Amino acid sequence: MVAFVAGGTRGGKPMLWLRRLDRFEAEPMPGTENAAKPFWSPDSRWIAFFSENKLRKVRVSGGTPEPVCDSRYGVGGAWNAEDVIVFASAFGDALYRVPASGGQAVKLTTLDAKTRESVHGWPQFFPDGEHFAFLARTAAGVNSVIRIGSLGAQSTDILMPADALVGVDPAG
């Protein structure tokens, strides 16, 4: 399946839509109005998304979306097999972690003031589920880098210069 955000039925608010790859039609997911930046659970049974100052999740099979935690508007997220979500709440902020079952988000990274980082966003887990890559953008938009972090430490390492999102092969 493919999940995406598009205008609601009859020109309504943006919402999540699902399309099975063996069909041409996409179906809207009720209750996901104002959704942004969706990402999948590792078992593909849930989709997490940002909406109305919350990180939320909804079952792919349907149902009412459930709040996970507060989030200003979201700058990407990733969900590992141990049901930990790493996400970026807003521009001007770092990454946070929260149990997929919900709770209080805990700050996971710190912006580097020396290089004028303005956001840590668009995280992606590596296959071990402990380490993750993310884009560290700078205020000027130059000298941005991809960093590697771990759930067990707030320190991160620079992997390489970059100006775009991170893509990690979950199969390794």
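Visitor: Let's start with K37: is K37 buried, exposed or partly exposed?
Guide: K37 counts as partly exposed, at 37% relative accessibility. Keep in mind that we're looking at a predicted model.

Visitor: Noted. Which element is K37 in?
Guide: K37 lies in strand β4. Its phi is near 50°, which is a positive value in a residue other than glycine.

Visitor: OK, sheets next. What's the strand order in the open sheet of three strands?
Guide: The order is β1-β2-β3, and the pairing is antiparallel. β1 (2-7) and β3 are the edge strands, each pairing on one side only.

Visitor: How many bridges between β1 and β2?
Guide: Six, in the antiparallel sense. To trace them on screen, take V5, whose bridge partner in β2 is L16, and G7, whose partner in β2 is P14.

Visitor: And how many join β2 to β3?
Guide: Two bridges, with the strands again running antiparallel. L18 has E27 as its bridge partner in β3.

Visitor: Nice link. Which strands supply at least two residues each to that lining?
Guide: β2 (14-19) and β3 (27-28) each do that for the second largest pocket.

Visitor: And how does the lining divide into nonpolar, polar and charged?
Guide: For the second largest pocket, seven of the lining residues are nonpolar, three are polar and five are charged.

Visitor: What's the order in the open sheet of four strands?
Guide: That one goes β8-β9-β10-β11, with antiparallel pairing. β8 (77-79) and β11 (106-107) stand at the edges with a single partner strand each, so one side of each has no neighbour in the sheet.

Visitor: How many bridges between β8 and β9?
Guide: Three bridges, antiparallel, with β9 covering residues 84-88. One place to look is G77, whose bridge partner in β9 is F87.

Visitor: Which aromatics are linked into a cluster by ring pairs?
Guide: F39, F50, F87 and Y96.

Visitor: How many aromatic pairs does the count come to?
Guide: Seven aromatic pairs. Take F125 and F132: their ring centres are 6.1 Å apart and the planes are at 75°, so the pair is edge-to-face.

Visitor: Are F125 and F132 buried or exposed?
Guide: Both F125 and F132 are buried.

Visitor: What lies over the face of W46?
Guide: K57 does, at 4.6 Å from the ring centre of W46. K57 also gives you a handle on S41: their C-alpha atoms are separated by 9.1 Å, and the two are 16 residues apart along the chain.

Visitor: Where's S41, and is S41 buried or exposed?
Guide: S41 is in the loop between β4 (36-40) and β5 (46-51). S41 counts as buried, at 4% relative accessibility.

Visitor: Last topic, the hairpin. How many residues sit between β14 and β15?
Guide: Two residues separate β14 and β15 in that hairpin. Five bridges join β14 (residues 145-150) to β15 (residues 153-161), and the strands run antiparallel. I148, for example, has D157 as its bridge partner in β15.

Visitor: And A153, which strand is A153 in?
Guide: A153 is found in strand β15. A153 is partly exposed, with a relative accessible area of 32%.

Visitor: How far is A153 from N80 in space?
Guide: 16 Å, C-alpha to C-alpha, while A153 and N80 are 73 residues apart in sequence.

Conventions: Residues numbered from 1 in each chain as written. Predicted model: local features only at pLDDT ≥ 70, side-chain atom pairs only at ≥ 80, totals over all residues. Heavy atoms only, no water. Nonpolar A, V, L, I, M, F, W, Y, C, P; charged D, E, K, R; others polar. Pairing = 2+ DSSP bridges. Phe/Tyr/Trp six-rings, centres within 6.5 Å; stacked < 30°, edge-to-face > 60°. Buried < 20%, exposed > 50% of the residue type's maximum accessible area, 1.4 Å probe, protein only. Lys NZ or Arg CZ within 6 Å of the ring centre and 35° of its normal.
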